[in-house]
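Here are some friendly notes to read alongside the model. Please keep the structure open as you go through the points.

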Amino acid sequence: MRSVNNPRAIPVPSIEQRPCRPSRGLDLRPLRHAWTGALTLALVLLLSAQALGAPFFRSFITIRSRYCDVHVPRAGLAFGQRTANLCDEAYRLISAYLGWKPRERLHVLVDDDIDAANGSAVVIPYNQIVVNSYPPAPFGELGYFDDWLRVLLLHEMTHIMHLDNRSGLPNVLNHIFGKTYAPNQNVPNWLAEGLAVHVESKFTGTGRVYSTLYRTYIRMAMLAGRFPGLDRFTGGSPLKFPGGAHWYLYGGHFMHYIAERFGPRTFARMSHLYGRRIIPFAINAVMREVTGKTFESLYRDWRAKLKLEYETDAARRRKAGLTRYRRISEKGDHFFEPMFSPDGQWLVYHADTGFQQAQFRLRRRDETRFQTLYVTRGAVSGAQWIPGPTRKLIYSETSYVNNFFVFGELYLHDLTTGQRVRLSRGLRASEPHPSPDGRSVVFVRTEWGKTHLSLMRLRDRRWRDIYKNPGFGPIHGPRFSPDGRRIAFSGHFKGQRDLYVLERRTGALTRLTNDRAMELTPRWTADGRYLIFSSDRDGVFNLYAYRFADKRVLRITNVLGGAFQPTLDPQGASIVFVGYHDGGYHLGQMPYSPKDWRPAGPGERTSPGPERLPLVERRFPVSPYQAWRTLYPRSWAPRPDLTIGSFERLIGFTLDGSDVAGHHSWSLGMQYDFDTKDVDVSGYYIFSQYSPILRLAPAISLAFARNVGFGGAYISDQLFRYREERISASVGLSASFPRLYGTHSVSIEYDFFHFRPVSQPDVGRIDPGSSVPIYPTRGWLGGISLAYSFRDLHGLKYSPGIAEGRSLSLSFSINHRGLGSRYDTYALRWSYNEYVPVPWPPGSVLFFGYNGGISLGDLRYRGAYSLGGFPAQDILTTILQQTGLSGLFLRGYPPSSLFGNHFHLLNVEWRVPLWNIYRGLGTLPIYFRRLTMTIFSDTALIDFNGPDEHDLKTGLGLELRIGFDFAYSFSSALRVGYAYGFQEPGGHQLFVIVGGAY
């Protein structure tokens, strides 16, 4: 069999047939040819920069309050001023409560790019909060508030004051290296997020501690005997419902219990003690010093207290008589938005079971079988039938606008033809409901934190606002009355969420309820006599009816878990609603029987009043945004070599920076080898200020590097290693085109690369009968590369890693003497990956990956591609820096043992989840996720002259993989496997590695 590494009897270019001598310096003569390529790409970038010039950039401004710099697009000035006022209020309150004032100003970035309610906070490299300007939905974890922006800023400000707290030796380290270490970051998520949830509730009297929905989750878990221990969520996101919300749910209520038991200074003392520890993780020791008890002991006390409280409450509700209903949903934990068809024969609803992608489903009212109407990729709201003879649905789904923004848009889905039509673009529309005549649709429109009621004519898609909301309290759930004259909705005004009715013609607004309860999702009965809705007026969400005749509220259900989002059978036979049990949401069905409804009690929920200072809003000064104020480096990080078993002595540093708005980022690194006296340097700069007008999200990048590594030369049919210096520089332009069904990306780059040997391979005496020696190459490479990629990949809750979808990439590069190159080379690379979920065992996935490449030109014997098994790994650095493994692997063969300029590689894997562990060791900083088995087959062809069947290399094997979280914040996986390569130089191979994509 012919070896793929033996180019015998192949003519060798004369440029390679000379002895290898270390070069004394760079040959700069080829640089004169580089101007052609450099000018070509410079012209492309110049035209791009001209097209993306300042008039087309979304202009940012900075609002400077007493404590904060609020950075916001100019269109959001009013929202930014309100954010600055609430930010100062939160700063004063929480700095006093936690006993810490940061030494630097706080930067707040207001983001209006996505229709999702959220925020985030970091303290390294500088204190920063990101705020999404989109208000939260009422039926959700963030839905209970007096002022949603105030609750959000209190939560994120708590993170700043808590995580930034540092003193003692940690502070000394930060003075030396810059801001690189914050001990309070090294705590479990339930502690950090739980503290923030406690504070958001303490200073508002609302928030998640007082949320009826959150209390329902805890109560039902307790009554079902499934109340989790701390080990279940001291680490990654648990698999069971409610997933990552465990940290906020149990952590928030637990922290609130500790504060009530031990007083308001508890967490200030805890943060100070932990913030001066150089070695983190001893959270129980710190809590014992503060309270005399460990977190684990306190958690048991809290659980015992809740058990008595909830069992007593459940007994009271059972005594009053629980409502009987029938569950009609399939297996899963997320079923929402049920809606009957106009004839009452069909039911459409949204399902996210964790075994398939989220989707709208359709089924007959009395059957259990369902069909998938449409797989949803964005956040959806509503799925309303259009009245009339055609079978059409209208709904809202978040979609990409101008390749950058993610906004809610209206869609029309024809069930007969399967055609899907987009009705809006950039409208930020949600919760549509069609008029009884099917000619128009009412919906909620959002702009900079405010929600309005709008109306669209379906004939020509013209729309107008019919109710302009003067404040920031959100509006939800608009519904036309049966006669089309009125619109009911749930409105949050002056700290209360009540029901309102808007007269369509006159615009007159009538308030139906006025209490401290949350009234949600109003639904008209067919005769217009009642308005059915969900309310938490007795501490549990139940269904109620507002009777227009006497303006009274009647109670429909009495359940333990909750009843939400009712839909009424047009035939008047039943009500279908969303119910909650201990493991998630389901669909329930009960008879429609107004004669059984009884008068409801007053809608008064018990929660304390807010503990906040009076807010006097000010107008703060405004100035243009200046990126340089946050772009400079705040720290430098040493880079020692940590490879286990390595004898190299390396030291270096890294500097980097990025501005708060994300327009600029850069990095500079250096590493010195004490043994070889080599210095490696690298750096990059990326400019990514986007231009929505051009519908691009472009990034311009510059990069350079100088390093010394190992090269290879074939002499006497043997591979000899030598040390080689490589200097590279590049400039490029890239852009992405995201869609609901995948993201397309393109890039163009000009690369300049110089390589030369700095040591001579020790070849000894060359056999005169051997093949022509191939000596190390040297010189310049200069050329242009083009790349295209497509990704449409999705994970599923019960499957390991990516579970469904495909990805494709294609790249072409050319190095030419006319572009500043000493050699002419051409390279084509491609990759295709396919993920297919299989029904058995549940959660299993088949993976198919095909990669290939062809390289032609003067460097055909340099070995453009290499294949083999996993290389030696720097395990500790891999975990700490989250680098993982990347590249192509032919398991069962030595690392990089096969070289060539043509290759094909086929990887096939069957990934089977064996055990969903999802638990830790008490509060220790180790948490185990899922144990997975992978059976794999790798097949490759690689050679210098074009592969044939004699070059086939195959390997088979099995791998066990266990995901884990380390030190509360680092995620990785331990992989132990066996592979066997059937051809030379393959054989038996055992491997133990950490990380790697799945």
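How many aromatic pairs does the structure hold? The structure holds 58 aromatic pairs, where rings of Phe, Tyr and Trp (its six-membered ring) pair if their centres lie within 6.5 Å, with planes under 30 degrees apart counted as stacked, over 60 as edge-to-face and the rest as tilted.

1. A word on the basis. This is a predicted model, in which local features need pLDDT of at least 70, side-chain atom pairs count only at pLDDT 80 or more, and totals for chains, interfaces and linings use all residues. Residues are numbered from 1 along each chain as its sequence is written, and side-chain values use heavy atoms, with hydrogens and water left out.

2. Two aromatic pairs to look at. Phe335 and Tyr349 form a tilted pair, 6.3 Å centre to centre with 50° between the planes. Phe335 lies in strand 7 (residues 335-340) and Tyr349 in strand 8 (residues 346-351), so the pair ties together parts that are 14 residues apart in sequence; helices (H or I, at least four residues) and strands (E, at least two) are DSSP runs, numbered from the N terminus. Phe335 is buried at 0% relative accessibility, and Tyr349 is buried at 0% as well (buried means under 20% relative accessible area, exposed over 50%, partly exposed in between, with a 1.4 Å probe and protein chains only). Tyr546 and Phe548 make an edge-to-face pair, 5.2 Å centre to centre with 80° between the planes, and Tyr546 is buried at 4%.

3. Core packing. A nonpolar core here is a set of buried Ala, Val, Leu, Ile, Met, Phe, Trp, Tyr and Cys residues joined through side-chain atoms within 4.5 Å. Of the 104 residues in the largest such core, Trp190, Phe254, Phe295 and Tyr585 touch the most other members. Another core, of 14 residues, lies apart from it and has Val348, Phe360, Trp385 and Leu393 among its members.

4. Salt bridges. What is the count of salt bridges? The count is 51, taking a salt bridge as a side-chain nitrogen of Lys or Arg within 4 Å of a carboxyl oxygen of Asp or Glu. Asp498 bridges to Arg511, the closest N and O atoms being 2.6 Å apart. That pair links distant parts of the chain, with Asp498 in strand 21 (residues 496-503) and Arg511 in strand 22 (residues 509-511), 13 residues apart. Asp498 is buried at 0%, whereas Arg511 is partly exposed at 38%.

5. Arg929 and Asp965 meet in a salt bridge (2.9 Å, N to O). Arg929 is in strand 46 (residues 926-943) and Asp965 in strand 47 (residues 952-966), 36 residues apart. Arg929 is partly exposed at 22%, and Asp965 is buried at 4%. Elsewhere, Asp313, Arg316, Arg317, Asp538 and Arg555 are linked in a salt-bridge network.

6. A buried arginine. Is Arg975 buried or exposed? Arg975, in strand 48 (residues 970-981), counts as buried because its relative accessibility is 7%. A polar atom of the Arg975 side chain lies 3.0 Å from the backbone oxygen of Gly995. Beyond its neighbours within four places in sequence, Arg975 has contacts that include Phe870, Glu959 and Phe991, contact meaning heavy atoms within 4.5 Å.

Terms used:
Polar contact = N/O pair within 3.5 Å; in protein donor to acceptor, adjacent residues only side chain to side chain.
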